[in-house]
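Please examine the sequence and the structure shown here.

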Amino acid sequence: MRCLGALSRALLHMFPRKRPAGAEVEEGVPREAVVPKKLKVECEVAADGNHRPPHGMACDSNGSNGADIDEDLHSRQLAVYGRETMRRLFASSVLISGLNGLGAEIAKNLALAAVKSITLHDEGTVGLWDLSSNFFFSEEDIGKNRAVACIKKMQELNNAVMISTLTGELTKEHLSDFQAVVFTDISLDKAVEFDDYCHNQHPPISFIKSEVGGLFGSVFCDFGPEFTVIDVDGEEPHTGIIASISNDNPALVFGIDDERFEFQDGDLVVFSEVQGMTELNDGKPRKIKNARAQSLILEEDTSHFGVYKKGGMVTQVKQPKVLQFKPLRDALRDPGEFLLSDFSKFDRPPLLHLAFQALDKFKHELGRFPIAGSEEDVRRLIAFAISINESLGDGKLEEINQKLLCHFANGSRAVLNPMAALFGGIVGQEVVKACTGKFHPLFQFFYFDSVESLPVEPLEPDDVKSLNCRYDAQISVFGSKLQKKLEEAKVFLVGSGALGCEFLKNLALMGVSCSRKGKLTITDDDVIEKSNLSRQFLFHDWNIGQAKSTVAASAAHSINPSLHIEALQNRACPETENIFDDAFWESLNIVINALDNVTARLYIDGRCLYFQKPLLESGTLGAKCNTQVVIPHLTENYGASRDPPEKQAPMCTVHSFPHNIDHCLTWARSEFEGLLEKTPSEVNTFLSNPSEYTSALKNAGDAQARDLLERVLECLDMEWFEDYFANRVKQLTFTFPEDSATSTGAPFWSAPKRFPHPLQFSTSDPGHLNFVIAASLLRAQTFGMSIPDWIRCPLKLADAINKVSVPDFQSKKGVKIVTDEKATSLSAASIDDAVVISELITKLEGCAKKLPAGFRMYPIQFEKDDDTNYHMDLIAGLANMRARNYGIGEVDKLNAKIKVGRIIPAIATSTAMATGLVCLELYKVLDGGHKLEDYRNTFANLALPLFSMAEPVAPKLNKHQDMSWTIWDRWIIKGDLTLRELLQWLKNKGINAYSISYGSSLLYNSMLPRHRDRMDKKVVDVARDVARVEVPPYRRHLDIVAACENDEGADVDIPLISIYFR
């Protein structure tokens, strides 16, 4: 067989199978090939502390940044920021002053983001109160300088970030070395002084002041007199396909029926590919108004333009935005609009603006924080607040909520871990904005509180007394009773990825499951990969390949040695219910999800619903995050509301009529799987037993069998480039010429269809060459060929390709191409299928005779996260060559990997924020007794920034006669009932059951006479006989679903019924 030669012969199979005379075929059983890895040079951290390239960037011999970003490591972050923003981050130096829990969280997020350098400043020493908020500290660090105590563990987060410390008094001159400075523990007077200095520098130094005290927090940002936001939201520019444009003033633009416009009034757009009205193709941004789903108005006179014919794209032009920040000195008296997080607290920010100034005054006058439980200190702080308010003149508040100020004063000294995590995420993102111009900054004050997290029962002074333990800060806010509940909690944490790492750190610092009575069970069946290290901070490069849950649990235990934790490597799913059995679920106090897919979330939600367990749910997507609280009988469950299903392109569109790069990528991914994994596996199946294989396909005799044989033959004797990008296109345009019409007389090639053009291969085109390299290497790998060194030499490669002779392609008449958008298969049936199958089998058997004895192919499984295996090179090449066929814009390999690999954009900041918000809800759940209005679900987008908090939705209430129930209810029957007894039990409730099922098996239906014979059998026996399953020994009951109606014949949707027969 010709295709079993060296790589030069593999190249021939990218083209039609015609070779120069004299070419030889190597015989013998091929060995499994190893595709040569791409060379990669990584920079090491300079031991002497000198400048080095940022994490993930390669360097040349002179130490300059000659190579690109390490996409294996930073792929998830690149999906959020893009390369240019990452490069700006890599060049940024940041100062963080104040290494309390908040400072530590900010520093962690910036180290993971891979800024160039972080300088830690703190003049204080580690105290017992720090141990409940700063995960870098241990009891051995007490008495050490806080900055110095942090540096070793912080450096381990990212060895390529230069981290240094300052332990003396900070001066204005120190600030000039940084692009951004952050203060978490600074007096207001000193903050004003430093901010004035930063504001007046050229260029300005971005200044951020943030603090948390108890359940209250604040952020202030000043990025200078004129700060340019390059990208206000981070979203891709919207595009639309044009159906028509009028010759009017102003012009009316219509889009196609199947796709919505996503533009907004006032957007600037550019037009391209418009036929007829070509004046719009000049690249000039134009303003639109009255933007609707299918139309918009163009603010331009097109009455003298050419008449629109067809085609055209309209694309949003994103504009930079210039913000003028006020210095802190001015903003204190005139803060402008506050960024709201909770619309039920619209009057809260002005009061907290006053409260934090009063706290600063208190500390200045008394040299300390208010003491928790001290009524005298509360009165003093309120007096300071009233005094400051009176000095505001017309801007003063009419009323001061003294109860809120009491809570504020009592918790003001405590830095709680959830608050530090929340604000660490927010402030970390603001630093990224300051250094890069990516996303809209917080402008300028943000205040937040979570007083609803306080215990339901009022706290007495004795409740908040210090116990001289690591949780004293938390006890000062919540009291010792709630602290005990936290320590004795039995928690199930599902997942130990990015969210899981953050949760573990939070729970360890909070003391959750840190007593003998408590237990934290964590499970995750995944192992650590390189791409995890940019967010999952409990892991390090030496952990790659190890079990996530085990490593994460060990790291959490080192944060708090009292943590009682068990790590499992099992996926929580129906197949592991013998591990996570009834006794396990019944023992839990709460479940926390840290999952990355909806299917797993729905399963855990179903378990929590069944066993009546609270569930804390969260998720992130780039700079966005959401959290949801699920409380038995109080809120709806997670599965009660769902996002609409993702829109899928019709098969015929992907296969023959793509009109965007996503269609090309979907096709490329499918072809990769078919050519390199599925079909080689099918070849091996054939070679294992040729007679049985061909007999089965002859018996099938349909279009699918015919297609399968064709694919197998193609795999053994395949030409790629010409077939994909020239011959298929020629056949398509032969079958449907450019002037074709539909059955209704409309042009066949009307929007969104794009008329394709075949490609002419050229060795001078880098895209063509790169495709051939990747395709040849991977095809050679499936055949077990050895790989010659000259593959990387463009001249030798081009020379080998130029020896390939390409015959002309002849289009065929009568070829059927599927155009029905509802079709689920691309196989077109034919009356000659059986004849064609017979011919194909003959050819296949002929191919098999030419193969060496024992020959087998080596299927390739797609792996997106290995940047050296050529998988993404091939997929990007396939997609881009197809895009050229159809005149679609191409995609780089990174964005191809993000889309094809379904990589979820992820950054550490939004993850930290989400877990902080969830842990604020955890206090409420474990305290118990909170009302619905105390809980909060949150959606946040750090890019805008936007915070939207609201109380959860109550579950739907069902009623029948004097009964009522929700989805949380389950009817329990104790006793080994017969089917007749079960029906009577329901009858006694005024409900008539006409159908009873167990899983997918029907146990009883009133319309089936033979089911009456089952009436006196035990329900469990009927289930065993019909469903052919035994109830596992660890389960004491059987769950059945009954379809019922009332006496009037109306359906009644009743709860699940559990029969406890053991």
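**A guided reading of the model**

Val815 touches Gln731 and Thr735 when residues up to four places away in sequence are not counted, contact meaning heavy atoms within 4.5 Å. The C-alpha atoms of Val815 and Gln731 are separated by 8.2 Å, although the two residues are 84 residues apart along the chain. Val815 belongs to the loop between helix H25 (794-802) and helix H26 (833-850). Helices (H or I, at least four residues) and strands (E, at least two) are DSSP runs, numbered from the N terminus. Val815 counts as partly exposed because its relative accessible area is 31%; buried means under 20%, exposed over 50%, and partly exposed in between (1.4 Å probe, protein chains only).

The model is predicted, so that local features need pLDDT of at least 70 and side-chain atom pairs count only at pLDDT 80 or more, whereas totals for chains, interfaces and linings use all residues. Residues are numbered from 1 along each chain as its sequence is written, and side-chain values use heavy atoms, with hydrogens and water left out.

Is Asp130 buried or exposed? Asp130 is buried, because its relative accessible area is 11%. A polar atom of its side chain lies 2.8 Å from the backbone nitrogen of Gly127. Leaving aside neighbours within four places in sequence, Asp130 is in contact with Thr125, Phe137 and Arg146.

Attention now turns to a pair of helices. The axes of helix H9 (residues 348-366) and helix H11 (residues 402-411) come within 11 Å and cross at roughly 45 degrees. Such axes are lines fitted to C-alpha atoms, for helices over the stretch in contact, and angles run from 0 to 180 degrees between N-to-C directions. H9 and H11 are therefore oblique to each other; angles under 35 degrees count as roughly parallel, over 145 as roughly antiparallel, 65 to 115 as roughly perpendicular and the rest as oblique. On the H9 side the contact is made by Arg348, Leu351, Leu352, Ala355, Phe356 and Leu359, and on the H11 side by Leu404, Leu405 and Phe408.

The strands come next. Strands of a sheet pair through backbone hydrogen bonds, either parallel or antiparallel. Here two strands pair if DSSP finds at least two bridges between them. Six strands form a closed barrel in the order S8-S9-S12-S11-S10-S13, with antiparallel pairing. Neighbouring strands of this sheet are turned by 45 degrees against each other on average, direction ignored.

Strand S21 (residues 624-630) is mostly covered, five of its seven residues being buried. Strand S20 (residues 615-621) runs antiparallel to S21 and is joined to S21 by seven bridges; Thr620 has Cys625 of S21 as its bridge partner. The hairpin of S20 and S21 has two residues between the strands, and Gly622 takes a positive phi near 65 degrees there. S21 also pairs with strand S22 (residues 937-941), in the antiparallel sense and over four bridges, with Lys624 opposite Asn941 in S22.

For the whole chain, there are 31 helices and 31 strands. Of its 1062 residues, 55% count as buried. Among contacts with a separation of 6 or more, 72% are between residues 24 or more positions apart.

Notes:
A polar contact is a pair of N or O atoms within 3.5 Å; within protein, one must be able to donate a hydrogen and the other to accept it, and residues adjacent in sequence count only if both atoms are side-chain atoms.
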